Amino acid sequence: MTRLPGTAKTPGGLYAAPSLVWLSVFFLAPLAIIVAYSFLTPGALGGVEWSPTLDAYRAIANPTFGKVTVNTIIVAMGATAITMLIAIPCGYYMARSEHQNILLMLVMIPFWTNFLIRIYAWIAILGNEGFLNDLLLSLGLVDQSVRFLYNRGAVMLVLVYTYLPYAILPLYSTIDKFDFSLLEAARDLGASKMSAINRVLLPNIRGGVLTAFLFTFIPIFGAYAVPLLVGGTESYMLGNLIADELTKSRDWPLASAISMVITLVTTLGVLLLLRANGTSVLGGDDHEAAEPAGEADALGAAR
Amino acid sequence: MKKLVLLLVAVAMILPLTLSSCGGGGEKLYLFNWIYYIPDDVLEDFTKETGIEVVVDSYASNEEMYNKVVAGGAGYDIVVPSGDYVSIMIAGSLLEPIDKSRLKNFGNIDPAAIARIGFDVGNTHSVPYMMGAAGVSINTTKVSGYEHSWSIFDRPDLQGRMTMLDDMREVLGAALKSLGYSVNDADPAHLEEARLVVERWKPNLVKFDAEAFAKSFAAGEFWVVQGYAENVFLEYPEDRRAEVDFFFPKEGMPMYMDSLCILKGAKNVDQAYEFIDYILRPDVAARIADYLMLPSPNVPARALMQVQPNYEFTDLANGEFKEDLGQETLKLYNDAWRRIRVGN
Amino acid sequence: MKRRPSFSRAVFATTIVFLSMPLLVLVLYSFNESKSGSWTGFSLRWYAQLFLDSPRLWRAFGNSAIVALSSALVATVIGTLGAIAVNWYRFPLRKYLRTITFLPMILPEIIIGVSLLIFFSGIGLRLSLFTVFVAHVSFNLPFVFLLVLARLEEFDASIIEAARDLGASEAQTLVRVIIPVSMPGIVSGFLTAVTLSLEDFVITFFVTGPGATTLPLYVYSAIRFGVSPVINALSVVMIVGTIILTWSSRNVLKYIAAK
């Protein structure tokens with residue numbers, strides 16, 4: 001892809017300046033605080049004491065953290081996969097519709113009511129005495145209430161529900177610019193519908209698929225309220241762990257260190273994924289040979 | 001078009017700024033409190049009497065309030081921490097000392113309650129507001145043949161129908177009490193015993209829940225829940241309250257005392273004293289206790305109460321105030337709790 | 001001829017039902033006479049309470065609406081420009097920009113909240129609705145940026161060059177070519193930003209100041225005491241209001257366009 005040079009006439013830097021300034025001031029500065037905190041000693045009463053130590057990073061070696069991480073990965077992977085499977089056809093349908101804005105509102109408006117209220121509504125639907133069980137019992141499909149809530153399945157269901165719109169939107173806006181005559185040409189050449197979609201559509205909307213993946217996987221990885229409200233005794237995720245370390249244990253350095261590890265691992269994972277896909281969703285592109293080094297530099301700068 | 005966008009952005013940026021700084025002159029008091037903890041009409045009457053406007057924001061847990069204050073998020077005059085957090089905040093120099101000579105109604109507080117306070121002996125930095133404890137609520141239409149004891153959580157026949165609070169101190173405190181230890185026990189061996197008790201209860205529990213349990217209890221989904229009476233009764237249909245048996249287990253339980261404290265650096269100290277003294281007035285304290293349906297620590301207020309509280313002051317005899325554990329012991333509790341929550 | 005996407009339509013319809021299901025419960029409860037979960041009879045008491053006796057709830061709602069709209073608008077403008085720059089232009093710090101834009105998505109909310117609070121109190125910025133707005137723009141930015149970028153990535157710089165060859169100025173190119181091409185991404189980004197802002201309570205809790213309670217904060221602090229059905233009523237009013245507003249603004253726009 002060609003990129004326009006930044007001369008006085010082409011205001012690339014001008015367009016980028018607001019984002020650069022905003023994120024550098026209001027995001028990097030606080031991030032630097034967190035990085036610093038992860039290397040300090042926890043204050044006896046919360047906060048930190050200014051003596052450097054690696055204790056927080058040593059504490060992460062604790063096996064309970066590994067167990068929570070595994071649980072979190074399973075839930076996040078599962079929920080993300082389901083979300084994507086639903087979101088792709090939805091984005092496709094919206095992109096092909098003539099009433100795009102109405103459909104967009106249909107997807108988003110249910111989410112303009114309070115999050116907690118909606119979770120409570122799910123509890124009312126899925127509970128042992130809830131609407132779904134009432135329905136199943138009255139239809140005679142079951143003879144005893146089914147326990148839908150308070151297990152990993154419930155956590156995943158509500159997570160899918162919560163993040164579905166964020167996955168649908170990028171897919172819709174990418175598929176929208178896809179040239180559907182390509183798909184028809186493939187069909188005319190004898191490709192089945194599935195293989196036409198697999199070979200022609202999906203490769204052309206990689207950017208949207210990846211963005212949707214990021215919008216779903218990353219927030220789910222840090223999920224906090226959903227496992228708390230609809231999970232059972234074993235549904236404890238990294239988000240809960242960090243919140244508990246910060247608020248209940250008052251160990252700010254440990255909470256910071258866990259966040260740092262998550263951030264680094266996720267960032268690296270994302271960059272590798274993008275690299276492997278050769279996509280430019282994050283503005284990366286295939287023609288710049290020094291790409292990985294550039295990323296590392298940028299990360300270094302971020303720290 | 002471009003100008004329109006620029007204009008919109010400018011308006012968007014200025015709007016939050018102006019709105020937050022507006023709001024006329026006059027005396028003000030910034031109160032950071034648990035939600036629904038003071039009836040609105042009490043605040044309105046206070047404003048009518050004194051001309052001081054009260055701006056209230058709410059929090060859902062001591063931890064949230066505390067972390068916000070520690071990280072520099074002050075701006076409030078009065079906070080209402082529970083006992084253990086009073087001592088933590090005193091140790092962290094986050095509270096102004098209380099000059100009791102400025103509170104002519106301080107003597108109304110039950111000396112029996114004050115005598116049990118360990119978190120701020122002599123009430124140098126805190127003024128008792130309300131006290132109570134989490135107990136166990138049982139749906140008697142579903143459960144029978146039980147004792148008023150923590151052992152209810154040992155019953156496998158109630159598996160999947162019981163919850164305990166998602167609160168380290170409450171759950172470990174319950175286990176410690178069931179073993180006959182203090183809720184503030186610092187002995188690692190005792191704590192390990194308590195952890196094993198909770199591990200024994202855990203397979204019978206649906207979940208640890210401090211947020212939504214009362215709703216599901218009211219819906220008939222949960223039959224036995226550990227929690228605060230006011231949470232449970234606010235959700236339960238009024239005409240069927242007789243179905244609920246709320247009790248404090250005979251082995252004892254952790255207890256809290258929420259206290260009015262003035263934050264260090266508060267800008268409206270005079271107004272804060274005026275407010276605290278107002279709250280201590282018997283008629284006002286009685287209105288608050290009526291609203292919360294809790295026993296009042298204010299002795300003359302008790303005679304003025306018109307509502308039957310959810311439990312009596314004497315029911316709390318078995319309770320023990322949660323105190324701050326200190327960093328070392330807190331770590332032990334945290335480790336035990338994390339093992340319980342994460343599973344081994 | 002357009003082929004009718006029957007499979008995707010079925011999935012989409014099912015998804016809308018799935019997404020709206022909690023909403024139906026909410027509407028039902030808002031008309032329920034009793035406070036508890038079981039249906040005891042039709043009543044408008046929660047609506048009466050909402051309109052006659054909920055000043056604090058309305059204030060929280062007002063704060064939320066202001067923050068959501070203003071932060072979404074600012075994030076959309078800044079994020080869109082950033083995405084355009086990253087996609088089509090060369091400039092210093094380009095890689096740095098595209099790396100930091102997705103960091104706010106990765107850091108756990110509670111960590112962002114606490115660190116922003118430490119930062120604000122460190123630079124002496126008084127906590128208020130303005131600090132909430134700043135925080136919301138910060139976490140909304142990456143979503144807008146990535147949504148617009150995903151839309152733009154396959155468009156070649158040749159469309160800009162073509163516009164220039166035809167004699168368009170930089171501003172004309174932006175308004176006549178770039179923005180129309182990005183529109184679905186911009187609209188998605190704006191809607192996402194509004195939604196995220198309306199939902200957030202963890203970050204908001206830390207960065208808000210006295211008197212600047214937003215709706216999620218109000219609801220969250222209330223959850224242990226049983227969220228009053230008044231909030232269900234408010235949600236219903238809000239949704240109906242949004243639909244009317246959207247519908248009428250569409251008609252206004254159509255009217256303007258027709259003129």
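In this predicted model, the centres of domain 1 and domain 2 of chain B, taken over C-alpha atoms, are separated by 27 Å. Domain 1 of chain B consists of 27-131 + 257-310, whereas domain 2 of chain B consists of 132-254 + 322-342, the bounds coming from an automatic or database domain assignment. Local features need pLDDT of at least 70 and side-chain atom pairs count only at pLDDT 80 or more, while totals for chains, interfaces and linings use all residues. Residues are numbered from 1 along each chain as its sequence is written, and chains are lettered from A in the order in which they are written.

Where the two domains touch, 12 residues of domain 1 of chain B are in contact with 8 residues of domain 2 of chain B, contact being counted if the C-beta atoms of two residues, placed from the backbone, lie within 7 Å. On the domain 1 side, α4 (83-91) and β4 (127-139) of chain B each supply at least two residues, and α4(B) gives the most, with 4 residues; helices (H or I, at least four residues) and strands (E, at least two) are DSSP runs, numbered from the N terminus. That side divides into 7 nonpolar, 4 polar and 1 charged residues, where Ala, Val, Leu, Ile, Met, Phe, Trp, Tyr, Cys and Pro count as nonpolar, Asp, Glu, Lys and Arg as charged, and the others, Gly among them, as polar.

Turning to the neighbouring chain, 40 residues of chain B are in contact with 35 residues of chain C. The elements of chain B that each supply at least two residues to the side touching chain C are α1 (2-21), β2 (53-59), α3 (62-70), α8 (213-218) and α9 (229-235), and α1(B) gives the most to that side, with 12 residues. By residue class, the side of chain B that touches chain C divides into 25 nonpolar, 8 polar and 7 charged residues.
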